[in-house]
Amino acid sequence: MVRSIFYASQSAYSEPGPYLDTVIQCSGEPRHLARQISSFMQHPRGLQSKSEGFRPEQVGDLTLRTVWEILGVAAERDVGGRTPGTKVGGLCRDFAIVAASWFRSRGIPARLRAGFADYIVSGFWEDHWLCEWHDGCHWKRLDVEFAADGGMPFDASDVPPERFLTAGEAWLRIKGEPSSASLFGVSSLDLRGAWFVAGSLFRDVAALRKLELKPWDYWGPSANISWMSDEWPPGVRSTLDQVALRLKSVDGSGCGAPEALADWPLPTRVISFPEGKPVVVVLRET
């Protein structure tokens with residue numbers, strides 16, 4: 001029974017508290033859910049921020065880790081009210097975990113995936129997070145940010161696999177094509193390369209175990225890899241190869257706890273870079 005409900009139950013970070021049905025009033029259609037979330041959340045590099053700016057209080061919102069906190073801020077600011085306040089600042093991970101929380105609250109299996117999308121910056125695989133949800137037969141990948149406006153040349157409520165690579169798929173690609181490593185990362189910050197993909201590998205492992213980290217969190221061997229050097233500690237690349245292969249076996253699996261990752265220990269703390277400088281963050285119990 002536990003296996004069957006693993007992704008249909010909340011995690012320590014997706015738990016919505018008392019706010020979910022107050023802030024999100026959704027019919028259940030994924031695009032409607034995406035529009036609802038985008039009505040009270042704003043990405044710092046999204047279209048609205050480019051035209052209207054991103055306020056200091058929204059920058060502070062980016063450190064929020066739980067859905068409870070995110071929805072609590074939205075409710076406090078009365079974002080959807082008659083005189084709406086400032087939207088909650090959020091990254092792609094934050095949009096995705098709010099969606100996962102909504103699905104899980106209705107007993108629908110959902111999980112986050114850390115990876116890279118080719119449709120955000122032309123010619124580049126941009127660091128990105130999606131919400132995978134299970135329709136009873138298959139996992140579908142919902143891009144909450146882009147499904148809201150419907151302006152993509154594909155269905156952003158079910159992103160095609162060739163447009164989004166999970167971290168494991170990205171690692172295996174650059175292993176076969178080392179020169180492509182520079183095409184993966186965060187283009188606006190000029191963060192790119194195999195070291196960045198390595199960090200995403202471990203963030204995806206954690207997400208699949210229902211420990212939804214932030215995009216700037218590092219743990220495991222990835223925390224010991226420097227972006228400034230090609231000299232990595234002995235054995236790290238073979239470990240990353242093993243992680244990528246394990247992730248590959250999870251991609252098409254069912255809704256139960258991922259057996260391929262069951263023996264991989266989860267962190268109790270991470271090295272985090274919310275403002276570019278490393279800080280240690282103690283995590284909530286999963």
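The model is predicted, so local features need pLDDT of at least 70 and side-chain atom pairs pLDDT 80 or more, while totals for chains, interfaces and linings use all residues. Residues are numbered from 1 along each chain as its sequence is written, and side-chain values use heavy atoms, with hydrogens and water left out.

An open sheet has three strands in the order 9-10-11, paired antiparallel. Strands are DSSP runs of E with at least two residues, helices runs of H or I with at least four, both numbered from the N terminus; two strands pair if DSSP finds at least two bridges between them. Strand 9 (217-218) and strand 11 (279-282) are at the edges, each with a single partner strand, so one side of each has no neighbour in the sheet. Asp 217 has Ser 272 in strand 10 as its bridge partner.

There are 15 aromatic pairs, counted for Phe, Tyr and Trp (its six-membered ring) when centres lie within 6.5 Å; planes under 30 degrees apart are stacked, over 60 edge-to-face and the rest tilted. Phe 116 and Phe 196 have ring centres 6.2 Å apart and planes at 65°, so this pair is edge-to-face. Phe 116 belongs to strand 3 (residues 110-121) and Phe 196 to helix 9 (residues 194-208), so the pair ties together parts 80 residues apart in sequence. Both are buried, meaning under 20% relative accessible area, where exposed is over 50% and partly exposed in between (1.4 Å probe, protein chains only).

Glu 145, in helix 7 (residues 144-147), is buried without a salt bridge, that is, a side-chain nitrogen of Lys or Arg within 4 Å of a carboxyl oxygen of Asp or Glu. The nearest side chain of opposite charge, Arg 45, is 8.1 Å away; Lys and Arg count as positive, Asp and Glu as negative, and His and the chain ends are not counted.
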